Amino acid sequence: MKFLDISSSFVKEIILEAENKNTHLEHLEDNIFNKGYKGAKEAIDYLYSLHEMLEGNSESPVSMTTKWDGAPAIIAGRDPETGKFFVGTKGVFAQTPKINFTEKDIEVNHPGEGLQQKLKVALKTLSTLNWNTVAQGDMLFSKEDLQTTNIDGDEVIIFKPNTIVYAVPTNSDLAKQVTSADIGIVWHTEYVGGPTLADTRAKYGFDSKVLGQSSKVWHRDALIKDFSGVVTLTNNESEEVMSAIKEADMYLKNIDSNTFKWLEQGNDLIGKDFLQQLKAHVNNNIRAGAFDEPTKFAQGFIQKYVGFMTKQIDKVKQQSTKDAKLEKQVAGVKFIRENLQSIVSVYDLYLKIIHSKVLIVKKLETIRQLPTFKETENGYEVTGEEGFVAVDRMGNALKLVDRLEFSKLNFGTGMPGK
């Protein structure tokens with residue numbers, strides 16, 4: 001297959017904004033674990049909205065942005081307090097903020113030559129844009145990252161900011177734009193409010209045209225301006241997706257809301273380790289390349305929790321502390337066993353929501369931004385991009401990703417799973 005005929009796919013996960021800063025995002029289905037019955041209802045409502053959008057309804061309650069596999073995450077703009085231009089990473093929102101107004105600030109705040117160099121380029125070049133706000137984006141390249149190679153007989157310019165290799169045909173107008181710039185970045189989030197940077201909140205779906213243009217910067221935003229003109233469901237696809245969503249919805253309606261109480265009770269009895277280990281158990285499934293069926297998942301969670309607590313007990317030396325942790329372990333195992341059927345029911349719903357999501361994601365695979373590849377010992381193989389973010393009218397954001405496929409890509413390249 002010729003390079004120019006390749007259509008890159010977007011298959012990915014749905015995640016949720018945390019604490020009004022785009023510093024940590026969670027999967028849509030994990031909202032069940034985070035918020036119980038309410039979280040499950042919210043997830044299903046989002047699926048209905050995504051279905052409506054894919055039917056070409058311009059009044060859909062959600063909009064869509066693309067997710068690029070860039071690194072590092074760059075936050076830049078005018079500091080609400082001082083009005084001075086700055087750049088930084090997500091560290092600008094740390095308890096001790098790492099905000100860089102000068103190259104000296106970068107050297108102090110970010111030891112390590114690689115990141116320093118990227119931030120210095122960002123500071124010098126992004127300041128040439130028209131700033132009156134604060135925005136976050138994914139850095140795709142600086143000039144030294146650009147390489148020329150041949151893929152399937154076509155000469156292309158490639159850059160690999162993180163896990164995925166992006167490629168641009170050398171004879172295209174886009175290639176001219178990319179090679180003439182000192183930096184490439186895709187914006188996706190704006191920070192609004194104040195009066196300080198710490199007081200701002202994340203607002204997804206940033207329209208970057210307000211920044212103007214600069215010869216030093218190749219930039220764009222991640223918004224899909226007219227989704228109905230890009231891809232819509234056929235009648236058969238629409239029926240299949242709606243059937244899957246309704247199945248999950250009906251399952252939820254038939255579950256007693258008390259079924260979800262074990263989530264809150266587990267946190268009260270066991271503490272934060274309970275929810276963390278539950279999610280870790282899901283991630284183990286993903287690393288193994290498949291989701292367990294609900295009963296096997298629930299039974300395996302007991303072993304996961306026992307193993308975790310045993311390690312915690314082995315770490316401490318004082319006998320009284322060991323005894324306290326052992327008592328907590330026994331209580332935790334007893335609690336999980338007593339609520340085994342509820343865990344099975346909730347995880348069954350979890351899988352039904354994932355199934356509905358994947359059907360939607362399969363349609364999104366037809367959207368193409370740039371051809372994308374993974375680097376192998378034998379050259380380059382086609383892979384999907386990092387995904388999409390669905391944004392509702394309240395500014396809440398959910399990211400669409402194929403967790404299993406992208407995990408394989410990350411682990412295959414030594415990168416952590418997402």
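Axes are taken here as lines fitted to C-alpha atoms, for helices over the stretch in contact, with angles running from 0 to 180 degrees between N-to-C directions. In this predicted model, the axes of helix H5, which spans residues 235–253, and helix H10, which spans residues 340–364, come within 9 Å and cross at roughly 165°. Because angles over 145 degrees count as roughly antiparallel, H5 is roughly antiparallel to H10, and the crossing in which H5 passes H10 is left-handed.

On the H5 side, the residues that meet H10 are Glu-237, Glu-240, Val-241, Ala-244, Ile-245, Glu-247, Ala-248, Tyr-251 and Leu-252. Their counterparts in H10 are Ser-345, Asp-348, Leu-349, Lys-352, Ile-353, His-355, Ser-356, Leu-359, Ile-360 and Lys-363. Sorted by class, this contact of H5 with H10 comprises 10 nonpolar, 3 polar and 6 charged residues.

A separate element of the description is the open sheet formed by 5 strands, which follow the order E7-E8-E9-E13-E14 and pair in the antiparallel sense. Strand E7 (147–151) and strand E14 (379–382) stand at the edges with a single partner strand each, so that one side of each is left without a neighbour in the sheet. On average, and with direction ignored, neighbouring strands of this sheet are turned by 45° against each other. Within the sheet, strand E9, covering residues 165–169, pairs with strand E13, covering residues 372–376, in the antiparallel sense over 2 bridges, and Val-165 stands opposite Phe-373 in E13.

Key: Residues numbered from 1 in each chain as written. Predicted model: local features only at pLDDT ≥ 70, side-chain atom pairs only at ≥ 80, totals over all residues. Heavy atoms only, no water. Pairing = 2+ DSSP bridges. Helix = DSSP H or I, 4+ residues; strand = E, 2+ residues; numbered from the N terminus. Parallel < 35°, antiparallel > 145°, perpendicular 65-115°, else oblique. Left-handed = near helix turned anticlockwise from the far one by under 90°. Contact = heavy atoms within 4.5 Å. Nonpolar A, V, L, I, M, F, W, Y, C, P; charged D, E, K, R; others polar.
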